[in-house]
Amino acid sequence: MYKLSLGLSLAGMTVFAACSTSVDPQDGLSAFNADSLKKHVSILASDSFMGRKPFTEGETKTIDYLTTQFAAAGLEAGNGNSFVQEVPMVSLLAQAAPTMEVSSSKGKFSLKAFDDYIIWTDKADAEQTLDKSELIFAGYGVVAPEYNWNDYEGLDVKGKVVMVMVNDPGFWVGDTSLFKGKTMTYYGRWTYKFEEAARQGAKGCLIVHNTAAASYPFSVQQNSFNTSRLQLDTRGMDVKNCDVIGWVTEKTANQLFTAAGFDSTLLTKANTPGFKSVPLNLNVSTSMKVQATYKKSYNVIGKITGTKRPDEVIIYTAHWDHLGIGRPNAAGDSIYNGALDNATGTAGIFELIRAFKSMKKQPERTIIFLAVTAEEQGLLGSAYYAQNPVYPAAKTVANINMDGLNRFEPTNDIVIVGQGQSDLEDYLKEVVEKTGGYISYDSHPEAGYYYRSDHFNFAKAGIPALYVSTGVDVINKGKEFGQKLKDDYTDKHYHQPSDGYDPATWTMNGAINDLKRLFQVGKKLAFETHMPKWKEGSEFRAKREEK
(Lines give C-alpha, C1' and ligand atoms only; values in the text may rest on other atoms or scores of the structure.)
Protein backbone atom coordinates (compact mmCIF):
# COMPACT_ATOMS: atom_id res chain seq x y z
CA MET A 1 0.00 0.00 0.00
CA TYR A 2 2.69 2.50 1.03
CA LYS A 3 5.50 1.73 -1.36
CA LEU A 4 9.01 2.99 -0.81
CA SER A 5 10.58 4.19 -4.01
CA LEU A 6 14.16 3.06 -4.56
CA GLY A 7 16.21 4.48 -7.38
CA LEU A 8 13.54 7.11 -8.16
CA SER A 9 14.32 10.64 -9.28
CA LEU A 10 11.55 13.21 -9.02
CA ALA A 11 11.70 16.90 -9.83
CA GLY A 12 12.22 19.06 -6.77
CA MET A 13 13.00 16.09 -4.54
CA THR A 14 16.14 14.64 -3.03
CA VAL A 15 16.32 10.84 -3.23
CA PHE A 16 19.28 8.81 -2.00
CA ALA A 17 18.47 5.37 -3.30
CA ALA A 18 22.08 4.43 -4.05
CA CYS A 19 22.80 4.30 -0.33
CA SER A 20 19.76 2.19 0.59
CA THR A 21 19.31 -1.48 1.34
CA SER A 22 16.47 -3.13 -0.58
CA VAL A 23 13.38 -3.12 1.64
CA ASP A 24 9.94 -4.63 1.22
CA PRO A 25 7.68 -1.55 1.09
CA GLN A 26 4.85 -3.51 2.74
CA ASP A 27 6.94 -4.77 5.65
CA GLY A 28 5.42 -3.60 8.96
CA LEU A 29 2.28 -1.97 7.58
CA SER A 30 -0.13 -4.70 8.63
CA ALA A 31 0.72 -4.09 12.29
CA PHE A 32 -1.14 -0.77 12.44
CA ASN A 33 -4.55 -1.04 14.08
CA ALA A 34 -7.11 1.69 14.76
CA ASP A 35 -8.74 -0.22 17.62
CA SER A 36 -5.41 -0.53 19.41
CA LEU A 37 -4.75 3.18 18.89
CA LYS A 38 -8.19 4.10 20.26
CA LYS A 39 -7.65 1.96 23.35
CA HIS A 40 -4.42 3.76 24.26
CA VAL A 41 -5.97 7.19 23.59
CA SER A 42 -9.00 6.39 25.75
CA ILE A 43 -6.78 5.34 28.66
CA LEU A 44 -4.33 8.24 28.47
CA ALA A 45 -7.17 10.77 28.09
CA SER A 46 -9.36 9.27 30.82
CA ASP A 47 -10.27 11.28 33.92
CA SER A 48 -8.25 8.83 36.02
CA PHE A 49 -5.06 10.25 34.45
CA MET A 50 -6.14 13.72 35.64
CA GLY A 51 -4.88 15.64 32.63
CA ARG A 52 -1.34 14.21 32.78
CA LYS A 53 0.30 17.28 34.28
CA PRO A 54 3.90 16.89 35.45
CA PHE A 55 4.45 16.80 39.24
CA THR A 56 1.00 15.33 39.83
CA GLU A 57 -0.48 11.89 40.39
CA GLY A 58 -1.43 12.10 36.73
CA GLU A 59 2.24 12.08 35.80
CA THR A 60 2.93 9.05 38.00
CA LYS A 61 0.14 7.11 36.31
CA THR A 62 1.29 8.19 32.86
CA ILE A 63 4.95 7.27 33.39
CA ASP A 64 3.96 3.89 34.83
CA TYR A 65 1.70 3.25 31.85
CA LEU A 66 4.30 4.27 29.27
CA THR A 67 7.19 2.34 30.77
CA THR A 68 5.02 -0.75 31.22
CA GLN A 69 3.82 -0.56 27.62
CA PHE A 70 7.36 0.03 26.28
CA ALA A 71 8.64 -3.05 28.10
CA ALA A 72 5.63 -5.16 27.07
CA ALA A 73 6.20 -4.18 23.44
CA GLY A 74 9.70 -5.60 23.59
CA LEU A 75 11.63 -2.36 23.51
CA GLU A 76 15.06 -2.09 25.07
CA ALA A 77 15.59 0.54 27.73
CA GLY A 78 16.68 3.73 25.97
CA ASN A 79 18.75 5.41 28.69
CA GLY A 80 21.29 2.84 29.81
CA ASN A 81 19.27 0.33 31.81
CA SER A 82 16.36 2.70 32.30
CA PHE A 83 13.25 3.61 30.35
CA VAL A 84 13.28 7.13 31.79
CA GLN A 85 15.41 10.24 31.66
CA GLU A 86 15.12 12.45 34.72
CA VAL A 87 14.25 16.08 33.95
CA PRO A 88 15.00 18.37 36.94
CA MET A 89 12.34 21.07 37.09
CA VAL A 90 10.74 23.57 39.41
CA SER A 91 7.04 24.14 39.83
CA LEU A 92 6.25 27.81 40.40
CA LEU A 93 2.85 28.67 41.86
CA ALA A 94 2.48 32.44 41.54
CA GLN A 95 -0.55 33.94 43.28
CA ALA A 96 -1.05 37.42 41.88
CA ALA A 97 -2.58 40.33 43.74
CA PRO A 98 -6.15 41.06 42.53
CA THR A 99 -5.29 44.41 40.95
CA MET A 100 -2.56 46.42 39.29
CA GLU A 101 -2.43 50.07 40.24
CA VAL A 102 -1.61 52.53 37.45
CA SER A 103 -0.53 56.05 38.39
CA SER A 104 0.54 59.20 36.58
CA SER A 105 0.70 62.93 37.20
CA LYS A 106 -2.99 63.07 36.25
CA GLY A 107 -4.23 60.50 38.75
CA LYS A 108 -4.53 56.76 39.23
CA PHE A 109 -6.76 53.81 38.38
CA SER A 110 -6.81 50.06 38.83
CA LEU A 111 -6.67 47.15 36.40
CA LYS A 112 -8.29 43.88 37.38
CA ALA A 113 -6.26 40.67 37.31
CA PHE A 114 -7.70 37.92 35.07
CA ASP A 115 -10.10 40.30 33.30
CA ASP A 116 -7.61 42.94 32.13
CA TYR A 117 -4.30 41.12 32.43
CA ILE A 118 -2.64 37.98 33.67
CA ILE A 119 0.85 37.78 35.16
CA TRP A 120 3.27 35.18 36.44
CA THR A 121 7.00 34.78 37.01
CA ASP A 122 9.77 32.41 36.00
CA LYS A 123 11.73 33.25 39.15
CA ALA A 124 11.64 31.18 42.32
CA ASP A 125 11.88 34.03 44.86
CA ALA A 126 9.10 34.04 47.45
CA GLU A 127 7.67 37.36 46.24
CA GLN A 128 7.86 39.51 43.14
CA THR A 129 6.84 43.15 43.24
CA LEU A 130 6.36 46.03 40.86
CA ASP A 131 6.48 49.23 42.90
CA LYS A 132 5.59 52.24 40.76
CA SER A 133 7.69 50.77 37.96
CA GLU A 134 7.86 52.89 34.83
CA LEU A 135 5.89 51.55 31.84
CA ILE A 136 7.33 51.80 28.33
CA PHE A 137 5.68 50.80 25.06
CA ALA A 138 8.46 49.04 23.13
CA GLY A 139 6.65 48.20 19.90
CA TYR A 140 7.15 44.52 19.07
CA GLY A 141 10.03 44.14 21.53
CA VAL A 142 12.28 42.85 18.76
CA VAL A 143 16.03 43.12 18.14
CA ALA A 144 16.63 41.61 14.70
CA PRO A 145 19.79 42.91 12.99
CA GLU A 146 19.20 40.79 9.87
CA TYR A 147 15.93 42.64 9.35
CA ASN A 148 17.39 46.01 10.37
CA TRP A 149 14.92 46.23 13.26
CA ASN A 150 15.61 47.22 16.85
CA ASP A 151 12.74 48.27 19.10
CA TYR A 152 15.16 48.75 22.00
CA GLU A 153 17.57 51.06 20.18
CA GLY A 154 18.53 53.97 22.41
CA LEU A 155 16.17 52.73 25.09
CA ASP A 156 17.13 52.09 28.71
CA VAL A 157 14.61 49.67 30.19
CA LYS A 158 16.62 48.50 33.18
CA GLY A 159 14.29 48.16 36.14
CA LYS A 160 11.26 49.14 34.03
CA VAL A 161 8.27 47.34 32.54
CA VAL A 162 7.96 47.03 28.77
CA MET A 163 4.67 46.50 26.98
CA VAL A 164 5.13 44.83 23.58
CA MET A 165 3.03 43.38 20.77
CA VAL A 166 2.77 39.69 19.88
CA ASN A 167 3.83 38.37 16.45
CA ASP A 168 6.23 40.04 13.98
CA PRO A 169 6.40 43.65 12.81
CA GLY A 170 3.89 44.19 10.03
CA PHE A 171 1.41 41.55 11.14
CA TRP A 172 -1.08 43.79 12.92
CA VAL A 173 -1.49 45.98 9.81
CA GLY A 174 -1.10 43.30 7.13
CA ASP A 175 2.26 44.59 5.83
CA THR A 176 3.84 41.46 4.32
CA SER A 177 6.97 43.33 3.18
CA LEU A 178 8.46 43.09 6.68
CA PHE A 179 10.35 40.08 8.11
CA LYS A 180 8.94 36.92 6.43
CA GLY A 181 5.57 38.38 5.57
CA LYS A 182 2.75 36.16 6.79
CA THR A 183 5.15 33.53 8.11
CA MET A 184 6.02 34.12 11.74
CA THR A 185 9.68 34.10 12.70
CA TYR A 186 10.87 33.28 16.19
CA TYR A 187 10.93 37.03 16.87
CA GLY A 188 7.12 36.89 16.88
CA ARG A 189 6.76 34.22 19.56
CA TRP A 190 5.78 35.26 23.07
CA THR A 191 8.70 33.30 24.51
CA TYR A 192 11.11 35.46 22.51
CA LYS A 193 9.45 38.67 23.78
CA PHE A 194 10.13 37.65 27.39
CA GLU A 195 13.67 36.49 26.60
CA GLU A 196 14.60 39.73 24.84
CA ALA A 197 13.09 41.91 27.57
CA ALA A 198 15.18 40.01 30.12
CA ARG A 199 18.32 40.46 28.02
CA GLN A 200 17.61 44.19 27.95
CA GLY A 201 17.37 44.26 31.75
CA ALA A 202 13.64 44.93 32.02
CA LYS A 203 11.97 44.22 35.34
CA GLY A 204 8.75 43.20 33.66
CA CYS A 205 7.28 42.42 30.25
CA LEU A 206 3.59 42.56 29.30
CA ILE A 207 2.48 41.35 25.86
CA VAL A 208 -0.52 42.96 24.20
CA HIS A 209 -2.92 40.19 23.24
CA ASN A 210 -4.71 40.05 19.90
CA THR A 211 -6.50 36.86 18.91
CA ALA A 212 -5.34 36.87 15.29
CA ALA A 213 -1.76 37.77 16.19
CA ALA A 214 -1.51 35.20 19.00
CA SER A 215 -3.60 32.60 17.10
CA TYR A 216 -5.73 31.88 20.18
CA PRO A 217 -8.18 33.85 22.37
CA PHE A 218 -7.26 35.54 25.65
CA SER A 219 -9.21 32.81 27.47
CA VAL A 220 -6.36 30.39 26.73
CA GLN A 221 -4.09 32.56 28.87
CA GLN A 222 -6.77 33.03 31.51
CA ASN A 223 -7.00 29.26 31.96
CA SER A 224 -3.45 29.24 33.35
CA PHE A 225 -3.82 32.26 35.64
CA ASN A 226 -2.72 31.66 39.24
CA THR A 227 -1.91 28.03 38.48
CA SER A 228 1.46 26.33 38.78
CA ARG A 229 3.89 26.59 35.87
CA LEU A 230 6.97 24.54 35.28
CA GLN A 231 10.51 25.52 34.38
CA LEU A 232 13.76 23.61 34.06
CA ASP A 233 15.78 23.75 37.25
CA THR A 234 18.47 26.32 36.42
CA ARG A 235 19.94 26.78 39.89
CA GLY A 236 23.63 27.57 39.56
CA MET A 237 23.24 28.69 35.95
CA ASP A 238 23.36 32.22 34.54
CA VAL A 239 19.80 32.48 33.22
CA LYS A 240 18.16 35.87 32.80
CA ASN A 241 14.45 36.33 33.52
CA CYS A 242 12.21 39.31 34.12
CA ASP A 243 10.63 39.52 37.58
CA VAL A 244 7.09 39.77 36.21
CA ILE A 245 5.80 38.60 32.83
CA GLY A 246 2.34 38.28 31.37
CA TRP A 247 -0.31 39.50 28.95
CA VAL A 248 -2.72 42.43 28.77
CA THR A 249 -5.83 42.55 26.63
CA GLU A 250 -5.81 44.87 23.63
CA LYS A 251 -8.59 46.87 25.32
CA THR A 252 -6.39 47.31 28.39
CA ALA A 253 -3.44 48.41 26.26
CA ASN A 254 -5.62 51.08 24.66
CA GLN A 255 -6.80 52.18 28.11
CA LEU A 256 -3.16 52.64 29.10
CA PHE A 257 -2.39 54.56 25.92
CA THR A 258 -5.33 56.89 26.58
CA ALA A 259 -4.19 57.50 30.16
CA ALA A 260 -0.77 58.38 28.77
CA GLY A 261 -2.20 60.89 26.29
CA PHE A 262 -1.91 58.63 23.25
CA ASP A 263 -4.38 56.36 21.47
CA SER A 264 -4.58 53.01 19.68
CA THR A 265 -2.69 54.37 16.66
CA LEU A 266 0.50 53.50 18.57
CA LEU A 267 -0.26 49.86 17.71
CA THR A 268 -0.25 50.88 14.05
CA LYS A 269 2.80 53.14 14.21
CA ALA A 270 4.82 50.33 15.78
CA ASN A 271 4.75 48.58 12.39
CA THR A 272 6.73 51.37 10.74
CA PRO A 273 10.48 50.79 10.20
CA GLY A 274 12.38 53.13 12.46
CA PHE A 275 9.59 53.32 15.04
CA LYS A 276 10.84 54.72 18.32
CA SER A 277 9.60 53.18 21.52
CA VAL A 278 7.49 55.42 23.73
CA PRO A 279 7.79 56.05 27.49
CA LEU A 280 4.18 56.28 28.66
CA ASN A 281 4.87 58.28 31.83
CA LEU A 282 2.79 55.75 33.71
CA ASN A 283 3.87 53.74 36.75
CA VAL A 284 2.50 50.31 37.60
CA SER A 285 2.36 48.54 40.94
CA THR A 286 1.37 44.98 41.79
CA SER A 287 2.78 41.89 43.46
CA MET A 288 2.60 38.13 43.60
CA LYS A 289 3.47 35.46 46.15
CA VAL A 290 5.48 32.52 44.79
CA GLN A 291 5.79 28.95 46.00
CA ALA A 292 8.65 27.00 44.44
CA THR A 293 8.73 23.21 44.48
CA TYR A 294 11.75 21.43 43.08
CA LYS A 295 11.12 17.96 41.72
CA LYS A 296 11.95 15.73 38.82
CA SER A 297 9.71 14.94 35.89
CA TYR A 298 10.53 12.27 33.33
CA ASN A 299 11.00 11.67 29.65
CA VAL A 300 10.25 8.07 28.67
CA ILE A 301 12.67 6.49 26.21
CA GLY A 302 12.99 3.09 24.55
CA LYS A 303 14.78 1.73 21.51
CA ILE A 304 15.15 -0.90 18.84
CA THR A 305 18.88 -1.31 18.27
CA GLY A 306 20.00 -1.12 14.66
CA THR A 307 21.46 -4.25 13.11
CA LYS A 308 24.28 -2.57 11.15
CA ARG A 309 24.70 1.05 12.30
CA PRO A 310 23.42 1.05 15.89
CA ASP A 311 25.20 4.30 16.78
CA GLU A 312 23.08 6.22 14.22
CA VAL A 313 19.61 6.96 15.59
CA ILE A 314 16.21 8.10 14.33
CA ILE A 315 14.05 9.63 17.07
CA TYR A 316 10.26 9.60 17.07
CA THR A 317 8.83 12.02 19.63
CA ALA A 318 5.47 12.90 21.16
CA HIS A 319 4.77 14.80 24.35
CA TRP A 320 2.83 12.84 26.96
CA ASP A 321 1.80 15.78 29.14
CA HIS A 322 -1.18 18.09 29.20
CA LEU A 323 -2.58 20.75 31.55
CA GLY A 324 -3.91 18.69 34.44
CA ILE A 325 -6.78 20.00 36.58
CA GLY A 326 -7.61 23.67 36.21
CA ARG A 327 -10.36 26.24 35.90
CA PRO A 328 -13.78 24.59 35.35
CA ASN A 329 -15.67 25.27 32.16
CA ALA A 330 -19.36 26.19 31.98
CA ALA A 331 -20.27 22.53 32.41
CA GLY A 332 -18.21 22.29 35.59
CA ASP A 333 -15.52 20.09 34.04
CA SER A 334 -12.08 20.95 35.41
CA ILE A 335 -10.01 18.09 33.96
CA TYR A 336 -8.02 19.08 30.89
CA ASN A 337 -7.79 15.58 29.42
CA GLY A 338 -5.75 16.49 26.34
CA ALA A 339 -7.16 13.71 24.17
CA LEU A 340 -6.13 15.14 20.83
CA ASP A 341 -3.32 17.14 22.43
CA ASN A 342 -1.48 14.83 22.85
CA ALA A 343 -2.85 11.46 23.91
CA THR A 344 -3.15 10.75 20.17
CA GLY A 345 0.53 11.36 19.44
CA THR A 346 1.64 9.41 22.51
CA ALA A 347 -0.59 6.49 21.54
CA GLY A 348 0.82 6.75 18.02
CA ILE A 349 4.23 5.82 19.42
CA PHE A 350 2.84 2.40 20.41
CA GLU A 351 1.62 1.80 16.87
CA LEU A 352 5.03 2.69 15.45
CA ILE A 353 6.76 0.41 17.94
CA ARG A 354 4.59 -2.53 16.93
CA ALA A 355 5.14 -1.82 13.23
CA PHE A 356 8.93 -1.66 13.53
CA LYS A 357 9.05 -4.72 15.80
CA SER A 358 6.96 -6.72 13.34
CA MET A 359 9.29 -6.16 10.39
CA LYS A 360 10.89 -9.25 8.90
CA LYS A 361 14.06 -7.27 8.22
CA GLN A 362 14.88 -5.22 11.32
CA PRO A 363 16.16 -1.61 10.98
CA GLU A 364 19.87 -1.13 10.32
CA ARG A 365 19.86 2.13 12.28
CA THR A 366 18.58 2.41 15.85
CA ILE A 367 15.00 3.61 16.28
CA ILE A 368 14.37 5.68 19.41
CA PHE A 369 10.88 6.27 20.83
CA LEU A 370 10.86 9.31 23.11
CA ALA A 371 7.78 10.51 25.00
CA VAL A 372 8.73 13.87 26.45
CA THR A 373 7.43 15.81 29.41
CA ALA A 374 6.29 19.41 29.87
CA GLU A 375 5.71 20.43 26.26
CA GLU A 376 2.72 22.45 27.40
CA GLN A 377 4.93 24.35 29.83
CA GLY A 378 7.36 25.51 27.14
CA LEU A 379 8.82 22.43 25.40
CA LEU A 380 10.81 21.66 28.55
CA GLY A 381 11.27 17.90 28.25
CA SER A 382 12.61 18.10 24.71
CA ALA A 383 14.74 21.11 25.66
CA TYR A 384 16.33 19.10 28.44
CA TYR A 385 16.94 16.15 26.13
CA ALA A 386 18.50 18.44 23.49
CA GLN A 387 20.78 19.95 26.14
CA ASN A 388 21.55 16.54 27.67
CA PRO A 389 21.25 14.08 24.77
CA VAL A 390 21.35 10.37 25.48
CA TYR A 391 22.48 9.91 21.87
CA PRO A 392 24.89 12.44 20.30
CA ALA A 393 23.28 15.03 18.04
CA ALA A 394 25.92 14.39 15.39
CA LYS A 395 24.77 10.76 15.18
CA THR A 396 21.07 11.57 15.31
CA VAL A 397 19.80 11.14 11.76
CA ALA A 398 16.42 12.81 12.18
CA ASN A 399 13.58 13.66 14.52
CA ILE A 400 9.97 12.89 13.54
CA ASN A 401 7.53 14.59 15.90
CA MET A 402 3.85 13.87 16.49
CA ASP A 403 1.63 16.40 18.22
CA GLY A 404 -2.08 15.86 17.57
CA LEU A 405 -3.11 13.11 15.14
CA ASN A 406 -6.16 12.96 12.87
CA ARG A 407 -8.97 11.53 15.00
CA PHE A 408 -11.43 11.19 12.14
CA GLU A 409 -11.26 9.87 8.57
CA PRO A 410 -8.16 9.92 6.31
CA THR A 411 -7.18 12.92 4.21
CA ASN A 412 -5.62 13.02 0.78
CA ASP A 413 -3.08 15.54 2.03
CA ILE A 414 -0.77 15.85 5.00
CA VAL A 415 0.49 19.24 6.13
CA ILE A 416 4.19 19.99 6.49
CA VAL A 417 4.77 22.64 9.13
CA GLY A 418 7.84 24.73 8.36
CA GLN A 419 8.04 24.55 4.59
CA GLY A 420 11.46 24.36 2.97
CA GLN A 421 13.45 23.28 6.01
CA SER A 422 15.01 19.87 5.36
CA ASP A 423 15.33 16.84 3.08
CA LEU A 424 12.79 15.06 5.29
CA GLU A 425 10.05 16.91 3.44
CA ASP A 426 11.19 15.20 0.23
CA TYR A 427 11.09 11.78 1.91
CA LEU A 428 7.52 12.40 3.05
CA LYS A 429 6.50 13.79 -0.33
CA GLU A 430 7.73 10.65 -2.06
CA VAL A 431 5.82 8.38 0.33
CA VAL A 432 2.58 10.34 0.11
CA GLU A 433 2.59 10.79 -3.67
CA LYS A 434 3.24 7.10 -4.30
CA THR A 435 -0.13 6.39 -2.70
CA GLY A 436 -2.05 9.06 -4.60
CA GLY A 437 -1.92 11.68 -1.86
CA TYR A 438 -0.18 15.03 -1.80
CA ILE A 439 1.69 17.41 0.46
CA SER A 440 0.14 20.68 1.58
CA TYR A 441 1.58 23.40 3.75
CA ASP A 442 0.58 25.28 6.84
CA SER A 443 -2.36 27.56 6.03
CA HIS A 444 -1.63 29.75 9.06
CA PRO A 445 2.14 30.37 9.00
CA GLU A 446 1.53 33.53 11.00
CA ALA A 447 0.76 31.34 14.04
CA GLY A 448 4.39 30.17 14.27
CA TYR A 449 3.54 26.51 14.71
CA TYR A 450 7.10 25.52 13.81
CA TYR A 451 8.20 27.00 17.15
CA ARG A 452 5.41 25.44 19.18
CA SER A 453 6.23 21.74 19.47
CA ASP A 454 9.12 19.55 20.52
CA HIS A 455 10.80 19.15 17.13
CA PHE A 456 11.92 22.78 17.51
CA ASN A 457 14.48 21.86 20.19
CA PHE A 458 15.95 19.18 17.93
CA ALA A 459 16.12 21.69 15.09
CA LYS A 460 17.94 24.17 17.31
CA ALA A 461 20.50 21.42 17.98
CA GLY A 462 20.99 21.03 14.23
CA ILE A 463 19.04 17.76 13.88
CA PRO A 464 16.75 17.66 10.81
CA ALA A 465 13.24 17.57 12.23
CA LEU A 466 9.95 16.74 10.54
CA TYR A 467 6.70 18.06 11.96
CA VAL A 468 3.37 17.47 10.28
CA SER A 469 -0.21 18.45 10.92
CA THR A 470 -3.48 16.84 9.93
CA GLY A 471 -4.54 17.51 6.36
CA VAL A 472 -7.86 19.14 5.46
CA ASP A 473 -8.76 17.38 2.20
CA VAL A 474 -10.89 14.65 3.77
CA ILE A 475 -11.39 11.72 1.38
CA ASN A 476 -14.84 11.92 -0.24
CA LYS A 477 -15.73 15.07 1.76
CA GLY A 478 -13.26 17.70 0.62
CA LYS A 479 -11.26 20.62 1.98
CA GLU A 480 -14.08 22.79 3.28
CA PHE A 481 -15.30 19.96 5.49
CA GLY A 482 -11.79 19.24 6.77
CA GLN A 483 -10.99 22.89 7.46
CA LYS A 484 -14.20 23.22 9.46
CA LEU A 485 -13.12 20.27 11.63
CA LYS A 486 -9.78 21.95 12.30
CA ASP A 487 -11.30 25.35 13.03
CA ASP A 488 -13.90 23.82 15.32
CA TYR A 489 -11.20 22.17 17.41
CA THR A 490 -9.13 25.37 17.64
CA ASP A 491 -12.11 27.54 18.53
CA LYS A 492 -13.87 25.22 20.98
CA HIS A 493 -11.56 22.53 22.33
CA TYR A 494 -7.88 23.58 22.17
CA HIS A 495 -6.55 23.65 25.75
CA GLN A 496 -10.06 23.24 27.11
CA PRO A 497 -11.63 20.51 29.29
CA SER A 498 -13.72 19.59 26.24
CA ASP A 499 -10.65 18.07 24.51
CA GLY A 500 -11.81 14.59 25.50
CA TYR A 501 -11.94 11.24 23.74
CA ASP A 502 -15.25 10.56 21.97
CA PRO A 503 -15.63 6.87 21.06
CA ALA A 504 -18.76 7.63 19.03
CA THR A 505 -16.97 9.84 16.49
CA TRP A 506 -13.24 9.17 16.79
CA THR A 507 -12.56 6.51 14.17
CA MET A 508 -8.80 7.22 14.22
CA ASN A 509 -8.55 5.95 10.64
CA GLY A 510 -6.95 9.23 9.65
CA ALA A 511 -4.36 8.86 12.38
CA ILE A 512 -3.49 5.36 11.18
CA ASN A 513 -3.11 6.66 7.62
CA ASP A 514 -0.71 9.41 8.73
CA LEU A 515 1.20 7.09 11.08
CA LYS A 516 1.85 4.76 8.16
CA ARG A 517 3.24 7.72 6.22
CA LEU A 518 5.58 8.67 9.06
CA PHE A 519 6.55 5.03 9.54
CA GLN A 520 7.60 4.80 5.88
CA VAL A 521 9.79 7.88 6.25
CA GLY A 522 11.52 6.41 9.29
CA LYS A 523 11.83 3.01 7.63
CA LYS A 524 13.54 4.54 4.60
CA LEU A 525 15.97 6.40 6.86
CA ALA A 526 16.61 3.22 8.85
CA PHE A 527 18.10 1.40 5.86
CA GLU A 528 20.18 4.25 4.43
CA THR A 529 23.76 5.30 5.04
CA HIS A 530 23.01 8.88 4.00
CA MET A 531 22.31 11.63 6.56
CA PRO A 532 19.48 13.98 5.53
CA LYS A 533 20.38 17.66 5.42
CA TRP A 534 18.85 21.03 6.07
CA LYS A 535 17.93 22.91 2.92
CA GLU A 536 19.71 26.01 1.73
CA GLY A 537 18.32 29.01 3.58
CA SER A 538 17.26 27.12 6.70
CA GLU A 539 18.31 28.90 9.87
CA PHE A 540 19.32 25.51 11.32
CA ARG A 541 21.70 24.46 8.52
CA ALA A 542 24.80 26.08 10.03
CA LYS A 543 24.31 24.29 13.34
CA ARG A 544 24.29 20.87 11.62
CA GLU A 545 27.39 21.72 9.63
CA GLU A 546 29.26 22.45 12.86
CA LYS A 547 28.89 18.81 13.92
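Author: Buried means under 20% relative accessible area, exposed over 50%, and partly exposed in between, for a 1.4 Å probe and protein chains only. The model is predicted: local features need pLDDT of at least 70, side-chain atom pairs count only at pLDDT 80 or more, and totals for chains, interfaces and linings use all residues. Residues are numbered from 1 along each chain as its sequence is written, and side-chain values use heavy atoms, without hydrogens and water.

Reader: How many of the 10 residues of helix α3 are buried?

Author: Helices (H or I, at least four residues) and strands (E, at least two) are DSSP runs, numbered from the N terminus. Helix α3 covers residues 190-199 and is largely enclosed by the rest of the structure. The buried residues are T191, Y192, K193, F194, E196, A197 and A198. Of the 10 residues in α3, the buried ones therefore number seven.

Reader: What covers the buried residues of α3?

Author: Contact here means heavy atoms within 4.5 Å. The cover of the buried residues in α3 includes the elements β5 (117-120), β7 (143-144), β9 (161-165), β10 (204-208) and β12 (244-248).

Reader: Which residue just after α3 takes a positive phi?

Author: Helix α3 ends at residue 199, as its range is 190-199. Just after α3, a positive phi of about 90° is taken by G201.

Reader: How many disulfides does the structure hold?

Author: A disulfide is a covalent bond between the sulfur atoms of two cysteines; the cut-off used is a pair of cysteine sulfur atoms within 2.5 Å. The cysteine sulfur closest to that of C205 is in C242, but at 5.7 Å it is too far for a bond. For the sulfur of C242, the closest cysteine sulfur is in turn the one in C205, again at 5.7 Å and too far for a bond. The number of disulfides in the structure is zero.

Reader: Are C205 and C242 buried or exposed?

Author: The relative accessibility of C205 is 0%, so C205 counts as buried. C242 has a relative accessibility of 3%, so this cysteine too counts as buried.

Reader: Where is M50 found, and is M50 buried, exposed or partly exposed?

Author: M50 is not a glycine, yet its phi is positive, at about 55°. Its place is in the loop between α1 and α2 (57-72). M50 has 22% relative accessibility, so it counts as partly exposed.

Reader: Is K132 buried or exposed?

Author: K132 sits in strand β6, residues 127-137. Its phi is near 55°, a positive value in a residue other than glycine. The relative accessible area of K132 is 57%, so K132 is exposed.

Reader: Which helix holds N342, and which of its residues meet α1?

Author: The peptide bond from D341 to N342 is cis, with omega near 10°. N342 is found in helix α8. From α1, the residues S36, L37, H40, V41 and L44 make contact; in α8 they meet A339, A343, T344, T346, A347, G348, F350, E351 and R354.

Reader: What separates the C-alpha atoms of Y450 and G174?

Author: Y450 lies in the loop between β20 (438-441) and α11 (455-460). Along the chain, Y450 and G174 are 276 residues apart, and the separation of their C-alpha atoms is 21 Å.

Reader: Which residues are in contact with Y450, leaving aside its neighbours within four places in sequence?

Author: Y450 has 6% relative accessibility, so it counts as buried. With neighbours within four places in sequence left aside, Y450 is in contact with V417, G418, Q421, H455, F456, A459, A465, W534 and F540.
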